[in-house]
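Subject: Structure for you, with notes on its aromatic rings

Dear colleague,

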Amino acid sequence: MAWNGRGLRGSSLEELINLTNEKYREKKLAVVQKIPTPITPINIDKESKHITLAYFEKKSTVDYIGVVQGIPVCFDAKECKTERFPMHNVHEHQIEFMKEFEEQDGIAFLLIYFSKIDIYYYLPYRELYKFYIRAKEGGPKSFSFDELDEKYCISTHDGVFVHYLQTIQTDIDDR
């Protein structure tokens, strides 16, 4: 699979998550890190020294892995320009990794930014899995924001841009 810049679509979301994770680390609330996707550069612009073409070395798992107050967490960050999230944005190997992560008593989820309505949303793995199975069995290949539980909407709080720790607690309480 070639890289041509499409992977940067969610880079502003990831930057906000990275800033959030720095705040969490400073406050000793969590240690969560971005997992880089290994690539093999093919073309490099000599002037700017930017990679202009590369190939992924292997399929990535999720964007972030870490620990929150002793609880292992993993999640992927996705940006959606409409109020419908297409399931093809989450790959089967990611679903499988998240499933295995949860089987080891970790917490897996998606952080989705619905840019059209300016809402950050925490989608627990168990809900993601329901949508995944529904699509796989011939149902809708996307889900609507209206299908989601509003208690998993993420707010900005105390200088933390994407304050997902509160929604992790909600997820734990709902298990």
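Phe101 is buried, with a relative accessible area of 16%, where buried means under 20%, exposed over 50% and partly exposed in between, using a 1.4 Å probe and protein chains only. This is a predicted model, in which local features need pLDDT of at least 70 and side-chain atom pairs count only at pLDDT 80 or more, while totals for chains, interfaces and linings use all residues. Residues are numbered from 1 along each chain as its sequence is written, and side-chain values use heavy atoms, leaving out hydrogens and water.

Phe97, by contrast, is partly exposed at 22%, and it forms with Phe101 a tilted aromatic pair, 6.0 Å centre to centre with 35° between the planes. Rings of Phe, Tyr and Trp (its six-membered ring) pair if their centres lie within 6.5 Å, and planes under 30 degrees apart count as stacked, over 60 as edge-to-face and the rest as tilted. The two residues are four apart in helix H2 (residues 92-103), and so about one helical turn separates them; helices (H or I, at least four residues) and strands (E, at least two) are DSSP runs, numbered from the N terminus.

Across the whole structure, the search finds 16 aromatic pairs. One of them is stacked, because the ring centres of Tyr64 and Phe75 are 4.8 Å apart and their planes lie at 15°. Tyr64 belongs to strand S5 (residues 64-68) and Phe75 to strand S6 (residues 71-80), so the pair ties together parts 11 residues apart in sequence. Both Tyr64 and Phe75 are buried.
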